[in-house]
Amino acid sequence: MTETAYTETDERRALRAAVAKLASGYGREYFTAQARSGGKTTELWLEIGRHGYLGINIPEEYGGGGGGIGDVAAVCEELAAQGCPLLMMVVSPAICGTVISRFGTEEQKRRWLPGIADGTRTMAFAITEPDAGTNSHNITTTARRDGDGWVLKGRKIYISGVDEAAHVLVVARTEDAKTGKLKPCLFVVPTDAEGFEYTPIPMEIVSPEQQFSVFIDDVRLPADALVGDEDAGLVQLFAGLNPERIMAASFSTGLARYALGKAVAYVKEREVFGAPIGTHQGLAHPLAQSKIEIELARLMTQKAAALYDAGDDLASGEAANMAKYAAAEAACDAADRAVQAHGGNGITQEYGVAGLLVAARAGRIAPVSREMILNYVGMHSLGLPKSY
Ligand SMILES: Cc1cc2nc3c(=O)[nH]c(=O)nc-3n(C[C@H](O)[C@H](O)[C@H](O)COP(=O)(O)OP(=O)(O)OC[C@H]3O[C@@H](n4cnc5c(N)ncnc54)[C@H](O)[C@@H]3O)c2cc1C
């Protein structure tokens, strides 16, 4: 293929093909079987880790592949496109891996990054709280100094994959010595720490990855559990947000591609009026629309990743938000159209299409809701007044 600014490199395309091949050995049946039996996707997770795909964005000196967000986003998308969307890819290598690579001390990078890269020491990420919700400026999980270390107290909700993680990167607040105001800070908390407890939240998503309520009851942490600089917590937190959005977009475009693929295969085969139902424009046009919407969302995701990897956080922020919005919308529509194309079969467990609906729908809510993206675009791209 001709290489232009609008196409991916041969290397990136080869990466996609290799991940797709690996993931197709597992596929949707494996994923749903694990989800419905309470199993996990550990074999798949460790295999992508062994091949170097999981930590492809982490610097080589810490066990990673030395690539960018564009690479790890491609891995996330290809896994989802084979029916294995892994939320922990968004969280562990992309959010936690990025924040620690950029702001951790040398010792912290050596301690945590290799396990994130090979998948043996997954890291979850916890910012959401029951009373703060979208307004993360209102979080109340607090860290107070205790001798050389810290004592952490608070509560988090909807935290993905805590049961599969060795650590959680927790967003808390410390008191500013000068102003007395609480400022955000990031702490790495071992999931087996005393006082750290979590319970699963029953969700309607068909996925082996679960969400948890987390209770942090006077958890004692050493001084070096604090990642980066106590006075630059917000900057550090924001550094993880663009990768998060780019990854969430890739998760959604992958899911959308999977849904569309199922629908197209089905409408080519199924006949009820003497010709494949894909002959009818009532079915063909919505699927064509999905193809267009998915490709547009992928293009914006690749642009956001390219800007981020080139070091332009500001321009990447706008593109990452737009990509995340467009990808979630494309995934919701593709999943809905795939169900419709399957008729009654679309609702059966055997065909596994309806199970995509809630997963796609979650993309409109997490990690940042569509409304907050529209707020962002309204304010930052259009210069409209802040509405909240
Ligand atoms: C599957 C899943 C996995 C998740 N994993 C994690 C995780 O690993 N770690 C983590 O920290 N969190 C996680 N979350 C939480 C997720 O980030 C939050 O659910 C999300 O940020 C929305 O917060 P909320 O649920 O409290 O909704 P609320 O803040 O209560 O919002 C409810 C609704 O009101 C809208 N709304 C709120 N304020 C405004 C406004 N100013 N303008 C317009 N609309 C507004 C929102 O868009 C939303 O539609 C996960 C959630 C899900 C569903």
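Predicted model: local features only at pLDDT ≥ 70, side-chain atom pairs only at ≥ 80, totals over all residues.
1. Domain layout. The protein splits into three domains. Domain 1 spans 10–121, domain 2 spans 125–227 and domain 3 spans 234–381.

2. Domain 1 against domain 2. Their centres, taken over C-alpha atoms, are 23 Å apart. The contact involves 22 residues of domain 1 and 15 residues of domain 2. On the domain 1 side, α2 (27–37), α5 (87–103) and α6 (106–118) each give at least two residues. Helix α5 provides the largest share, with eight residues. By class, this side of domain 1 has twelve nonpolar, seven polar and three charged residues.

3. Ligand shell. The ligand is surrounded by 21 residues. Gly133, Thr134, Ser369, Glu371 and Tyr388 are the closest. Elements giving two or more residues to the shell are β1 (123–126), β3 (149–160) and α11 (370–381). The shell comprises 13 nonpolar residues, seven polar and one charged.

4. Ligand position. Domain 2 (125–227) and domain 3 (234–381) both contribute residues to the shell, so the ligand lies between these two domains.

5. Helix pair α8 and α9. Helix α8 covers residues 281–309, and helix α9 covers residues 313–341. They pack at about 155°, with axes 8 Å apart. Angles over 145 degrees count as roughly antiparallel, so α8 is roughly antiparallel to α9. The crossing of α8 past α9 is left-handed. Their contact has 20 nonpolar, three polar and four charged residues.

Notes:
Residues numbered from 1 in each chain as written. Axes fitted to C-alpha atoms, helices over the stretch in contact; angles between N-to-C directions. Helix = DSSP H or I, 4+ residues; strand = E, 2+ residues; numbered from the N terminus. Parallel < 35°, antiparallel > 145°, perpendicular 65-115°, else oblique. Left-handed = near helix turned anticlockwise from the far one by under 90°. Nonpolar A, V, L, I, M, F, W, Y, C, P; charged D, E, K, R; others polar. Near = placed C-beta within 6 Å. Domains from an automatic or database assignment. Contact = placed C-beta atoms within 7 Å.
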